[in-house]
Amino acid sequence: MSIAITGTGAVSPAGWGVEAMMAALASGKTIPPSFIERSCGEKTLRSPVLRVPAEGATTPKFARLRRTSPISKFAAAAAAEALGETRLAEIAAGTRRVGVIFTLTNGCVNYSNRFFGEALADPAMASPILFPETVFNAPSSHLSAMIGSSAPNDTLIGDSSGFFSGMDLAVEWILRGEVDGCLVVSAEETDWLSAEGLRHYSENYLPAEGAAAIYLEAADGPVRILELPDPVALSTNSRERAAEKIRALLSPTDDGRTLLIDGRTGVTRFDQPETLAWSDWKGPRSSPRAVLGEGMGVAAALQTVAAVAELLSGNFQQAAVTTTGANQHAAGVLLGRV
Amino acid sequence: VAYSSDSPPPAPPRPVVVTGMGMVSPMGRDVAENAAAFRAGRMAFSPVTLFDVSRQRVGTAGQVDLPEMPPDAAIPRRAWERMDRGSRMALLAAREALADAGLSGGEMPVIIGTSAAAMPIGEDYYKQALTTTAARGLQLRRVELYQAQRQMTDLARVLRLEGPQRIISNACASGANAIGHAFHLVRSGRAERVLAGGYDALCQLVFSGFDALQALSPSGIPRPFDAARDGLALGEGAGFVLVESAAAAKARGARVIAEILGYGAATDVHHLTQPHPMGDAALITMQSACEMAGLSPEQIGYINSHGTGTPLNDIAEGNAILRWAGEAVGKIRVSSTKSATGHLLGGAGAVESVISLIALERQFLPASLNVREADAVCSFDLVREPRDAEIRRVLTNSFGFGGANATLIFGKEGAA
């Protein structure tokens, strides 16, 4: 059975929608950062971040989203774009059963930050409204509620390879006939807590936020999954070895018609495994994180959406999407245009 | 478990068994200690000593007596020191499950459910970040070790497990979902065996959260299905099982603890934190698990309920059981072991699966403790004292924040 990606959505520092992201990637220029400032003792800490521009009008109108932190709003917008109005109507009418799989690394850091701050200051005053939104699967729950689907909904946490595990699970559900289609969504939001946390690894990282969604179903096109190998665990492989193994498992043809969309960010030390594993790649290559920033959990999802857009543009026959995560897996997918 | 567009069509479903189990809970640090405690009807609530609860409404929980140092030389001290409290419990339970299955490492996927993950490390990071920019090395270490996947990578390394890892975070259904995922991977032929389970440790953020929601029982004693129940108690722990194809287990002469007969998952979209009062999603998961197992409700010998002890949960679950069982409901034996351990959140579904397996293997019913007067919703046979019983099939429910609902059915070998 062929599994195809038949819908995509994106919210990124470039703007709301796949089109805005692809325009930024086409420019090849890193999006200018804004800065989060906070005081710590007598010091002022300033973290550069790539935030999603404020365009609230594009957020789907749904009551449960009113109280949520940005991650849920980003995810809802990407999911709605990926599904499109026709599918949303079919789900609402009960004629299309859609599962939801959400992958992330950080989750709702804004509300976790605020709630724990309140709890430390005075537990009696800690907001009961904030706490439920700190739970990893809150954004995912809002999505199922928004589309009105009681089909299975799973949240997976992991490093940036997690999106490919989410795709694998979606394929499993579709092959089993449990759902007619599956939305695989990833999203992250940034605040000082996550931004400073990432920059402990390297001052050269540009922490970013956003969301990406793909809709998978049994179909022949327009973009099919050709290979979705098991992720290679870092428990028994170095990052370098894992990146090599993923390349071998994907085995893309380097004939100039296959686009490589890798997970490099521009931070040499962390990019090294993928740089080495693909050092002899002569074909076209793109590194979206160098433009969109390090989105952690959402990064590979944005890469995948970009790959689909590139294939649909007709410029390439296949696209290999890869990431070498920080501390869990190296993973990837080979997509083909029909 | 890889997918390729050239792959052959999925194979017909095949029988799946559990060949190993491990468990850490406030009642004990292995299966034997827990089995004895549940058979005796003990409970395990004590004043919280892990963090400051002096300004909380409630100050007790079910805490695990966990050593600071590795319990034996097989666990490297450095690995133990890198692990957070929850991952240490997960390691002990996972190791017990593997040993019980007669395995020591090997190639297999690992699927783990957790809700809070390594939150205590994140809390330490946060507290320090508020006050000083010093000790950057320590803060980097905390950022790294806070991440659940880093903890699971370390766990897999200690247990010498090779294979992909999946970390499910569906709030309080996470552990049950992890076992359900493992069941499907093996049932469909995508994996021969999978180590699956769940864990969560007590932490200040989550404790404060449940306290802020006023979901905790002010007395510290949860009374699931009691007419005057007033909330849950939190606990901590880990449960793991080795899920294997029946054919693979037979080929290596493994002891079969139980078959996994059915699994159902659904989403309750009623509210982020409140179940639909009639238990709509719970009804779907119980029905779909039974349909997969080819069983009718009267063939279920015991239900280990989600049974948190909050007014809303127990009503929803009670209604769902009544709708599911129909006229047979009076014969359905139900208890909530959260009355003894507290609510283990992301670990609950896995730990309660192990408790269900213990009940099946040792042929007794663990009890819903502390019930003074059963709620009117209890149309079923509420088990209020532990008792010996002949059981061939057990169903366990897990429901979580966000509407994640899951049901698993286990049976003695040949009970399908």
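How many residues of chain A are in contact with chain B, and how many of chain B with chain A?

Reply: The model is a predicted one. In it, 75 residues of chain A are in contact with 69 residues of chain B. Together the two chains bury about 6000 Å², and 57% of this area lies on carbon and sulfur atoms. On the side of chain A, the residues that lose the most area to chain B are A:F116, A:H200 and A:N327, which together account for 12% of what that side buries.

Polar and charged pairs also cross the interface. Between chain A and chain B there are 37 residue pairs in polar contact, both residues being at pLDDT 80 or more. Helix α3 of chain A, residues 109-121, gives the most to the side of chain A that touches chain B, contributing 8 residues. By class, the residues of that side are 36 nonpolar, 22 polar and 17 charged.

Side chains of opposite charge can pair when their charged atoms come close. The count of salt bridges between chain A and chain B is 5. One of the salt bridges in the model joins A:D168 to B:R190, with the closest N and O atoms 2.8 Å apart. Over all chains, the count comes to 40 salt bridges. Among these is a pair inside chain B, B:R14 with B:E192, whose closest N and O atoms are 3.1 Å apart. That pair links distant parts of the chain, 178 residues apart: B:R14 is in the loop between β1 and β2 (16-24) of chain B, and B:E192 is in the loop between α7 (174-187) and β9 (193-200) of chain B.

The two chains are also joined through strands.

With strand β1 of chain A, residues 3-12, it pairs in the antiparallel sense over 2 bridges, and A:I5 has A:V223 as its bridge partner in β9(A). Strand β14 of chain A, residues 329-337, also runs antiparallel to β9(A), and 4 bridges join the two. There, A:E227 has A:L334 in β14(A) as its bridge partner. The loop between β8 (210-218) and β9 of chain A holds A:P222. A cis peptide bond joins A:G221 to A:P222, with omega about 10°.

A backbone feature of chain B may be set beside this one. Most residues other than glycine have a negative phi, and most peptide bonds are trans. B:A117, however, has a positive phi, near 50°. B:A117 is placed in the loop between β6 (110-114) and α4 (119-131) of chain B.

Finally, A:D168, described above in its salt bridge with B:R190, has a number that falls within helix α6 of chain A, residues 162-176. The axes of α6(A) and helix α11 of chain A, residues 299-312, come within 7 Å and cross at roughly 65°. In this contact, A:F163, A:F164 and A:M167 of α6(A) meet A:A300, A:A301 and A:T304 of α11(A). By class, the contact has 5 nonpolar residues, 1 polar residue and no charged residues.

Definitions and conventions
Residues are numbered from 1 along each chain as its sequence is written. Chains are lettered from A and ligands numbered from 1 in the order in which they are written. This is a predicted model: local features need pLDDT of at least 70, side-chain atom pairs count only at pLDDT 80 or more; totals for chains, interfaces and linings use all residues. Side-chain values use heavy atoms; hydrogens and water are left out. Contact means heavy atoms within 4.5 Å. Buried area is the accessible area (1.4 Å probe) that two parts lose on being put together, summed over both. A salt bridge is a side-chain nitrogen of Lys or Arg within 4 Å of a carboxyl oxygen of Asp or Glu. A polar contact is a pair of N or O atoms within 3.5 Å; within protein, one must be able to donate a hydrogen and the other to accept it, and residues adjacent in sequence count only if both atoms are side-chain atoms. Ala, Val, Leu, Ile, Met, Phe, Trp, Tyr, Cys and Pro count as nonpolar, Asp, Glu, Lys and Arg as charged, and the others, Gly among them, as polar. Axes are lines fitted to C-alpha atoms, for helices over the stretch in contact, and angles run from 0 to 180 degrees between N-to-C directions. Two strands pair if DSSP finds at least two bridges between them.
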